[in-house]
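Biologist: Hi! Could you walk me through this model before I set anything up with it?

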Amino acid sequence: MSKSLHRGAFPATRMRRLRANDFSRRLMRENQLTVNDLIYPMFVCEGSNERQAVGSMPGIERLSIDLLVAEAKQLTALGIPAIALFPVVGADKKSLFAEEAYNPDGLAQRAIKAIKDAAPELGIITDVALDPYTTHGQDGIIDASGYVLNDRTVETLCKQAEAQANAGADIVAPSDMMDGRIGAIRHTLESNGHINTCILSYAAKYASAYYGPFRDAVGSAGNLGSGNKYNYQMDPANSDEALHECALDLAEGADMIMVKPGMPYLDIIRRVKDELAVPTYAYQVSGEYAMHCAAFQNGWLDKNAVMAESLLAFKRAGADGILTYFAKDMALLLNN
């Protein structure tokens, strides 16, 4: 036999053969995106029948609890397994010590209860962080110089996580990047009987420029002003550090870990999944969503095709689930 016909040599091996037909492309497809992979971030505000557009995030709105409940029922019908809930807290509820974060009658806690009553099968993931509740927009309690105090902040985060679990949250998701907060929150949950409340840790959360539209949505951008979060969120230049952060959080009791942002950090998702082999989630953040929408609105990119391709990239990188503002649109597309 000619050497040219050995396996691996052209023309014995023609990589295009299996791409020639739809059935064979489907059979050899390595990754698949389904509705089960989608988590929908949602913003809740005070009021009744209140619907507020987020200018920097086309198609995304802040909803009062009554409208949020109606939307939750629609998401359940689409098969979306979970939502991530973010409260929009009024200026009168913000303070230096973020006491509203653990108010049992606070906006987030009331929203959790209402959704659980109306759509009990829908998973609710809550944000454990203080930036919506602080007058300065930082994720924790600060000292006189503006530095975020780690251990003092963790005390408040534990109260916040307990309040959310008491209200019915299925998964609490600390996004603050304080050291030791996973172990402290796990101890708090266990001590108060919430043994099946999961912790999804934002373990590798980078100090990214892609968060701007989100801060607009929750109303913390103005409070943060020209400040930054460099002394607790991760340096975008670092990769090994992300593995260290994830391993520490898992050891402290995290059930799942998150990489945030998403597409600029696909390499981090891949490393985390390969090296730690644990449930790994990604957040296609507000800035990613906004820049895609800008291209769609200008007719530069095809929405459905690019939306699907961008989300499939997370699956290929190793993500088990994706927080994305495209969740509802993608579910509609997948269900058709």
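Biologist: What kind of model is it, and what are the ground rules?

Modeller: It is a predicted model: local features need pLDDT of at least 70, side-chain atom pairs count only at pLDDT 80 or more, and totals for chains, interfaces and linings use all residues. Residues are numbered from 1 along each chain as its sequence is written, and side-chain values use heavy atoms, with hydrogens and water left out.

Biologist: Which residues does the UniProt "active site" annotation cover?

Modeller: Lys 205 and Lys 260, according to an unreviewed UniProt entry. They span 56 residues in sequence, yet no two of their C-alpha atoms are more than 4.8 Å apart, so they gather at one spot. The lining of the largest cavity takes in both Lys 205 and Lys 260. A cavity here is a set of points, on a 1 Å grid over the protein atoms alone, where a 1.4 Å probe fits but cannot get out, and lining residues have an atom within 4 Å of a point. As for the annotations, UniProt positions follow the numbering used here, feature names are shortened, and annotations may be inferred rather than shown by experiment.

Biologist: Is Lys 205 buried or exposed?

Modeller: Buried, with a relative accessible area of 6%. The cut-offs are under 20% relative accessible area for buried, over 50% for exposed and partly exposed in between, with a 1.4 Å probe and protein chains only. Lys 205 is found in strand β7; helices (H or I, at least four residues) and strands (E, at least two) are DSSP runs, numbered from the N terminus.

Biologist: What is Lys 205 in contact with?

Modeller: Leaving aside neighbours within four places in sequence, Lys 205 is in contact with Asp 139, Ser 175, Met 177, Tyr 211, Gln 233, Met 234 and Lys 260. Contact means heavy atoms within 4.5 Å.

Biologist: Gln 233 is on that list. Where does it lie?

Modeller: Gln 233 lies in the loop between α7 (221-224) and α8. It is buried, with a relative accessible area of 5%. Not counting residues up to four places away in sequence, Gln 233 touches several residues, including Asp 139, Met 177, Lys 205 and Tyr 211.

Biologist: Where does UniProt place the "binding site" feature?

Modeller: At Glu 245, again from an unreviewed entry. Glu 245 sits in helix α8 (residues 240-252) and counts as buried at 15% relative accessibility. Beyond its neighbours within four places in sequence, Glu 245 is in contact with Met 177, Ala 203 and Met 234.

Biologist: Switching to the sheet, how many residues of β8 are buried?

Modeller: Five of its five residues, so to speak of β8 (residues 256-260) as mostly covered follows from the buried cut-off. Met 256, Met 258 and Lys 260 point one way from β8, while Ile 257 and Val 259 point the other way. In a regular strand the side chains alternate between the two faces of the sheet.

Biologist: Which strands pair with β8?

Modeller: Strand β7 (residues 198-205) pairs with β8 in the parallel sense over four bridges, and β8 pairs with β9 (residues 280-284), also parallel, over three bridges. Two strands pair if DSSP finds at least two bridges between them. Ser 201 has Ile 257 as its bridge partner in β8, and Val 259 has Ala 282 as its bridge partner in β9. From β8 the chain crosses through helix α9 (residues 266-276) to β9, and this β-α-β crossover is right-handed. Right-handed means that, with the strands pointing away from the viewer, the path from the first strand over the helix to the second runs clockwise.

Biologist: And the backbone: which residues does a cis peptide bond join?

Modeller: One joins Phe 10 and Pro 11, with omega about 15 degrees. Another joins Lys 260 and Pro 261, with omega about -5 degrees, and Pro 261 is in the loop between β8 and α9.

Biologist: What about phi of Met 177?

Modeller: Phi of Met 177 is near 70 degrees, a positive value in a residue other than glycine. Most residues other than glycine have a negative phi, and most peptide bonds are trans. Met 177 lies in the loop between β6 (171-174) and α5 (181-191) and counts as buried at 5% relative accessibility. Asn 49 also has a positive phi, about 55 degrees, but Asn 49 is exposed, with a relative accessible area of 58%.

Technical notes
On a 1 Å grid over the protein atoms alone, a cavity is a set of points where a 1.4 Å probe fits but cannot get out, and a pocket is an open set with protein on both sides within 12 Å along at least five of seven lines; lining residues have an atom within 4 Å of a point.
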